[in-house]
Amino acid sequence: MMGAFSGFPLLFLLPPCFALFAFGATLPEDEVRALRDIANTIGKKNWDFSVDPCSRKSNWTSAIQLQGSENAVTCNCSFVNHTVCHVVSIVLKAQNLSGSVPPELVRLPYLQEIDLTRNFLNGTIPKQLGTLNLVNIVFYGNHLTGPIPKELGNITTLKSLVLEFNQLSGNLPPELGNLTHIERLFLTSNNFTGELPATLARLTTLKRVRIGDNQFSGAIPNFIQSWINLEKLVMQGSGLSGPIPSGISILRNLVDLRVTDLNGSDSPFPQLNSMTNLETLILRSCNIIGSLPEYLGKLTTLKVLDLSYNKLSGPIPISFDGLWNLNMLFLDGNLLTGLLPQWIDKPDVVDLSYNNFSIDNIQQLTCQQGSVNLFASSLNGNSLGNVSCLSNINCPKTSYSLYINCGGKLVTSYGNKTYDDDSGKTGPARFRYPGTNWALITTGHFFDSNRTNYYTWTTNTTKLAVDNAELYMDARVSPNSLTYYGFCLGNGNYKVNLHFAEIMFTNDKTYSSLGRRVFDIYIQRKLVVKDFNIAKEAGGVGKAVIKNFTAVVASNALEIRLHWAGKGTTSIPFGSVYGPLISAISVDPDFIPPSESGSSISVGVVVAIVVTGAIIIILVFGILWWTGFLGRKRSVARELKGLELQTGLFTLRQIKEATNNFDKAFKIGEGGFGPVYKFMKKIKYVLQLLGYIAPEYAMHGYLTDKADVYSFGIVALEIVSGMNNTISQPTEECFSLLDWVHLLKEKGNLMEVVDKRLSEDFDKKEAMVMIKVALLCTKVSPALRPTMSSVVSMLKGRTHIQEVVLDTKKALDNKKFEMMRQYYQHRGENNIIESHSQSVPIEETSLVSDTGS
């Protein structure tokens, strides 16, 4: 943005007779007195009033004008035969003036330009400015508050109104629609509210508009199609809602269109086919659905195309091969499918992460393929814990912690914790794997900056008012998205601590202190903090704040993503200061990890495991009973009486005897509740459980973290049917309850498995939920089974249950089907007879008769 915000700098455009002090020409005394008062009001202390202000001497005008730090009072000395001068321009940039905008400016009747860019001015905008014939008003990067005075609408000569990066508020005055010569309207990063006034439709001379990072309401108005001369439109995080109006296609002069983070519902891709001059097109997080339009491939002037974080589907159009000038392509965070185009690595930067592409080429199974970021881009693996491009990374061991010094070198801090090195180079679409149990993904490009992209930042520790300063002097930054992906983690609940300290702003009364960094925090792909502001949370710049979260790791993976949603300043203290920033990450288990030495576990741990398991079983059965799955209206004793369950309790002595006192030679893996041991003795107890053991363990001795999910699925089917999974008597062919349910699924008659004793006294919808969840839990492949937390969520109705697709298509042998049908029909009838013949004590029925009514 440097150079773009200054509007029309008159001191470089005025002819010599305007800019130079003519021999014998002087500034009238009333204007000199006005300048004295202006200096006092704005805090300008180095104007030398011993010489004429129009002399271009003694700090009135700097001999060398550095871009962004211009200092000049410019006069027009052509009046009264070049004997009288008048001040026409005051430009005081980046001088940290700490006063206020002077109403005394009105005493300079010939003033055309006032530019006070990047200072520390407070207060409001004087309404008196509305009486001047100003051409440029630039108050970019100050601390101004209050509304825009409606009187500014009287300045019909105004061509540039730049009020970005302040604290202005209120609705935009309708009187701004009277600025019929306005060409630049920059209002980014304020607190403006309300809808855009309909009177702005009259501003047909507009060429550049920036209104992002505000709190506007309502939809993007259709009247923007009347801005027929518009060349640049930026609405990032404006608060406005979609859709992007179809009339925008009329704006054929647009070179730069950036619309991001719209509120509202889904909408199709806007019509932009007539914008043949577009060089930058950014429509990020705009709730756009449907496929990518073919016509985009005909916009051959495009250099930057960012359509990330929408809901776009289908393949990348073949026509995109014609975008010869394209340097950057961001399509991450969509639902795109199909094969990767052969030309995909031609642009300098390509981000295709988080999509559903069909990637079969073994060479494309890497997370970074040249300039292309392919992390989580494959349909075969883009979910948490199942990212296909990480499949070649083997986990030497299971980890139960994660410490990263984001943006910095290896360091020991907070006692004896060693934080991994994260100082490596990244880029605008880059996956980086440092060789441990985590990876880093950076996305985005810093636009409107003379600086090169940067993705780390370092400060002097003397500027930090924090303990453990070595952890906060470096930080990892990114323009749009910053993701840390931890893997090889043991499943369970974790304490996630994110360490922040704002180190790019200052803690003083200069314009460098006026920056506002705002971004969102996602953990496990769920939004946990919206509009997070480091300095605001920490109580100032250079101070540490640690945000604490609890995360459930269910698939051995933890994802932490920081995302810029168009909020906050973008050019203070210099261009490209925005987006997420983080100092360190520490992740610790919220449970006792298993011992790495394999030594026997203590009696206390055994008791804890048993108690935890008992509580979970009680909770699950409580949920099922409360939701009606167990026939709440019927007696609990009557329901349980007929179940063919074989149960048994084991004492600690029996367990220790069976495992040779927890000998590590008998340890076979980790289960959902801790270490699992094989029995040396007491084999009769194991035989009772054969029908509940997951197939990967029963057949190969491979114990996965989803084995207990399989067992739960079997128990769930037994609850619904009232029968054992395994048959208790020999038959001509061996089969199980699970086989029967699979055949009923293929026949389309799953309700036939429901316990006949329930008659019609149950909720069919809830029973079907239970059956479908059980089928998901008993998938042959552990990777296809849900986690236990997902199971509970599905049973509570919080999570949609995906359609059950059987692992293999069973041949419908009519003879076998009929044999199974007769067996289970016979068992069902026997259960009914037994149920009717058994009496239930009154005391037992009274316990539950009125509980759930």
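Modeller: In strand S35, Phe 519, Ile 521 and Ile 523 point one way, Asp 520 and Tyr 522 point the other way, and all are buried. Buried means under 20% relative accessible area, with exposed over 50% and partly exposed in between (1.4 Å probe, protein chains only). Strands are DSSP runs of E of at least two residues and helices are runs of H or I of at least four, both numbered from the N terminus. This is a predicted model, in which local features need pLDDT of at least 70, side-chain atom pairs count only at pLDDT 80 or more, and totals for chains, interfaces and linings use all residues. Residues are numbered from 1 along each chain as its sequence is written, and side-chain values use heavy atoms, leaving out hydrogens and water.

Since 5 of the 5 residues of S35 (residues 519-523) are buried, the strand is largely enclosed by the rest of the structure.

S35 has antiparallel partners. Strands count as paired if DSSP finds at least two bridges between them. S35 is joined by 4 bridges to strand S36 (residues 526-532), and the two run antiparallel. They form a hairpin with 2 residues between them, and Gln 524 in the turn has a positive phi of about 55°.

The largest has 102 residues, and Phe 139, Trp 227, Leu 257, Leu 283 and Leu 352 have the most contacts inside it. Helix H3 (29-42) gives this core its largest share, 6 residues. Apart from it lies another core of 54 residues, which includes Ile 523 together with Leu 440, Val 529 and Ala 551.

Elsewhere in the chain, an open sheet of mixed pairing holds 6 strands in the order S27-S28-S26-S40-S34-S37. Its edges are S27 (411-413) and S37 (544-553); each has a single partner strand, so one side of each is left without a neighbour in the sheet. From one strand to the next the twist averages 25°, taken between N-to-C directions of lines fitted to C-alpha atoms, on a scale from 0 to 180 degrees. S27 pairs with S28 (residues 417-422) in the antiparallel sense over 3 bridges, and Val 411 has Tyr 419 as its bridge partner in S28.

For the chain as a whole, there are 16 helices and 42 strands. Buried residues make up 53% of the 853 residues. The accessible surface comes to about 37500 Å², 54% of it from carbon and sulfur atoms, by the Shrake-Rupley method with a 1.4 Å probe. Of the contacts (heavy atoms within 4.5 Å) between residues at least 6 apart in sequence, 61% join residues at least 24 apart.

Technical notes:
A nonpolar core is a set of buried Ala, Val, Leu, Ile, Met, Phe, Trp, Tyr and Cys residues joined through side-chain atoms within 4.5 Å.
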